[in-house]
Amino acid sequence: MEEKQFAGILNGAVPGEPVKKDENSRRGNWGNQIEFVLTSVGYAVGLGNVWRFPYLCYRNGGGAFMLPYFIMLVFCGIPLFFLELSFGQFASQGCLGVWKISPMFKGVGYGMMVVSTYIGIYYNVVICIAFYYFFMSMTNLLPWTYCNNPWNTPDCSGVLGSGKQFNATLANATTSLVAGVTEVVNRTKRTSPSEEYWKHYVLNISDGIGTFGEVRLPILGCLAVSWFVVFLCLIRGVKSSGKVVYFTATFPYLVLTILFIRGITLDGAINGIKYYLTPQWQKVLDAKVWGDAASQIFYSLGCAWGGLITMASYNKFHNNCFRDSIIISITNCATSVYAGFVIFSILGFMAHNLNVPVSEVADHGPGLAFVAYPEALTLLPISPLWSMLFFFMLILLGLGTQFCLLETLVTAIVDEIGTDWIIRNKTVVTLSVAIVGFLLGVPLTTQAGIYWLLLMDNYAASFSLVIISCIMCICVMYVYGHKNYFRDVEMMLGFPPPLFFKVCWRFISPVIISCIMIFTVIQYKPITYNNYTFPNWSLGVGFCMAMSSVLCIPIYALYKISRSPGATFRERLKFACRADPKWGPALQEHRTGCYAPLVSEDTVESRPLKEKEELKEELREELKEDETERKDDISLTIQGSNGSTNTHNSPNPSA
């Protein structure tokens with residue numbers, strides 16, 4: 001039988017019958033490619049684009065941050081993004097299933113799951129705080145506008161004046177601005193109403209990370225609402241979330257545009273934009289600026305979280321993921337820059353009214369979103385409306401990322417267990433993960449919750465992500481083989497990866513990732529929250545969280561080697577690194593070319609890629625030997641012109 005007759009015959013398929021699609025495969029589950037692009041944009045563009053990127057610009061001298069940021073985007077961000085998209089799309093598997101490419105490195109997938117779990121826990125707490133601010137904005141007067149509230153201290157000084165002005169209408173609020181500014185300037189120490197509202201009312205923050213205090217019931221309720229919304233949007237997997245992202249991924253841009261137009265019309269906004277765009281060239285040569293730029297690209301795109309691999313696994317096999325990676329990465333970068341214009345215009349307005357430099361207006365981290373921005377919103381006409389729009393935008397930005405984080409965990413669990421019950425009851429798995437995530441997030445709603453949130457953000461999802469991404473590059477390019485992977489991409493897309501991406505995957509990106517690791521170690525400083533320094537025991541907990549994802553890699557590697565056949569360690573190691581026979585496209589119809597199964601008379605077996613050429617040659621030699629044996633055993637007959645038959649073994653005497 002000819003070899004082409006057996007193309008697509010795999011896992012029990014019957015020769016001569018049409019190849020059936022695997023019902024469990026999720027190829028093409030996106031309604032269309034727009035849904036995948038919007039979901040990926042929603043995943044990559046999150047809360048970090050709204051406050052982390054502007055903060056890094058703010059800290060590193062504005063325009064001096066832009067040059068290294070764009071360089072890191074080109075040489076590290078886009079190539080890594082394309083690598084993960086092509087990885088997941090080719091295998092049609094989640095962050096665990098794709099490691100059939102080299103089973104020993106499956107611990108990388110488990111590490112991605114651990115990281116996604118940590119991020120999903122504290123990320124939803126940030127979303128629930130945005131929910132809380134959104135609900136509290138449904139009033140005629142924002143509660144953080146003035147200083148005459150029970151939670152305020154004597155050091156509080158609002159831009160709009162003291163409590164005597166409280167009875168002023170919203171129309172008179174703008175008129176009283178000058179008097180309020182004069183009072184603020186004459187103060188030697190100023191605490192804004194929004195900061196005291198954040199610390200003393202929303203968080204009711206304790207004096208340390210070990211003092212949990214009471215659970216903040218309003219925050220706990222908003223956390224339940226947040227998880228419930230995420231579950232409802234994922235109740236049918238990407239079939240439901242793909243429809244939701246039409247709104248969640250596009251509405252934030254509408255709000256940003258509205259806020260941008262309003263921001264640039266405020267007094268002093270131009271000063272903030274100048275600070276944003278004007279580089280301080282002495283900082284360009286600072287290694288820390290380059291390290292911050294690389295880390296921002298790395299984290300904002302969501303590489304090594306497992307979400308990109310999972311979302312791409314739902315694509316059609318021949319989808320142009322190269323085009324998608326370019327579009328999504330550039331959109332992410334543009335959103336960060338655009339959000340910077342919005343925020344710095346507001347910061348310029350605040351600096352103008354407070355008569356202070358732009359560099360002294362904002363706090364870092366969550367403070368930029370929940371302290372500085374709410375205070376700026378009180379200065380706008382119809383401030384409750386602007387506040388509702390802004391926090392609704394934060395909610396949508398957060399949900400876009402949270403959808404993918406939860407789907408990553410659910411997909412990995414379903415793929416790993418793979419039983420019929422699990423596949424049929426994926427909704428139950430989704431609900432279970434949501435409930436566990438809610439319960440694990442409860443400690444973050446206590447009075448010490450903000451300390452634990454910052455600890456998880458700085459340790460659980462920083463250094464470990466860099467290590468995971470570096471090992472992934474090494475595995476794909478050097479263990480599996482760059483030539484093999486380039487051939488896989490060409491088989492899937494119809495064209496090989498561009499030369500630039502080949503060079504980045506093999507050399508440039510791993511070097512940059514290694515530099516990030518070096519910067520992280522050299523520039524390490526214990527984290528602080530305002531004037532609070534975290535105790536050593538809490539830093540130990542942070543390191544344990546960071547190492548819990550990284551240790552998955554060597555632990556699983558040792559386990560896989562110990563379970564592999566072989567007489568020596570080298571033989572076991574070689575077998576554990578070899579691609580699984582099931583590695584390749586998920587659907588039978590796509591297992592062509594080097595993944596087409598080779599057939600003998602008794603068995604139908606799919607061969608690993610690296611053994612394909614050798615096996616084909618062996619098959620040809622066996623066919624030739626069989627033919628030679630038949631020639632020796634069977635007489636050759638020749639049909640004569642007179643119709644008689646002559647045989648060489650038994651000659652006819654009358655011939």
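Visitor: Which helix gives the largest share of the lining of the largest cavity?

Guide: That's H19, with three residues. Keep in mind that this is a predicted model. Helix H4 (106–136) and helix H19 (449–460) each supply at least two residues of that lining.

Visitor: What makes a residue such as Val 125 or Leu 453 part of the lining?

Guide: Lining residues need an atom within 4 Å of a cavity point. Val 125 and Leu 453 are on the list, as are Ile 129, Arg 216 and Gly 449, among others.

Visitor: What is the lining made of, by class?

Guide: Eight nonpolar, three polar and one charged residues. Arg counts as charged, so Arg 216 in the lining goes into that class. Gly counts as polar here, so Gly 449 lands there.

Visitor: How do H4 and H19 pack?

Guide: Their axes are 10 Å apart, at an angle of about 145 degrees, and the crossing is left-handed. On the H4 side the contact uses Val 115, Tyr 118, Ile 121, Tyr 122, Val 125 and Val 126, while H19 brings Leu 453, Met 456, Asp 457 and Ala 460.

Visitor: Which classes turn up in that contact of H4 with H19?

Guide: Nine nonpolar, no polar and one charged.

Visitor: Why is the pair Glu 416 and Lys 106 called a salt bridge?

Guide: The rule asks for a Lys or Arg side-chain nitrogen within 4 Å of a carboxyl oxygen of Asp or Glu. The closest N and O atoms of this pair are 2.9 Å apart, so the pair passes. Glu 416 sits in helix H16 (residues 383–417) and Lys 106 in helix H4, so the bridge ties together parts 310 residues apart in sequence. By the rule, the count is four salt bridges.

Visitor: And where do H10 and H14 meet?

Guide: Residues of H10 including Tyr 253, Leu 256 and Phe 260 meet residues of H14 including Tyr 338, Phe 341 and Val 342. This contact has 10 nonpolar, five polar and no charged residues. The two axes come within 8 Å and cross at roughly 35 degrees, and the crossing is left-handed.

Definitions and conventions
Residues are numbered from 1 along each chain as its sequence is written. This is a predicted model: local features need pLDDT of at least 70, side-chain atom pairs count only at pLDDT 80 or more; totals for chains, interfaces and linings use all residues. Side-chain values use heavy atoms; hydrogens and water are left out. On a 1 Å grid over the protein atoms alone, a cavity is a set of points where a 1.4 Å probe fits but cannot get out, and a pocket is an open set with protein on both sides within 12 Å along at least five of seven lines; lining residues have an atom within 4 Å of a point. Helices (H or I, at least four residues) and strands (E, at least two) are DSSP runs, numbered from the N terminus. Axes are lines fitted to C-alpha atoms, for helices over the stretch in contact, and angles run from 0 to 180 degrees between N-to-C directions. A crossing is left-handed if the near helix is turned anticlockwise from the far one by less than a right angle, and right-handed if clockwise. Contact means heavy atoms within 4.5 Å.
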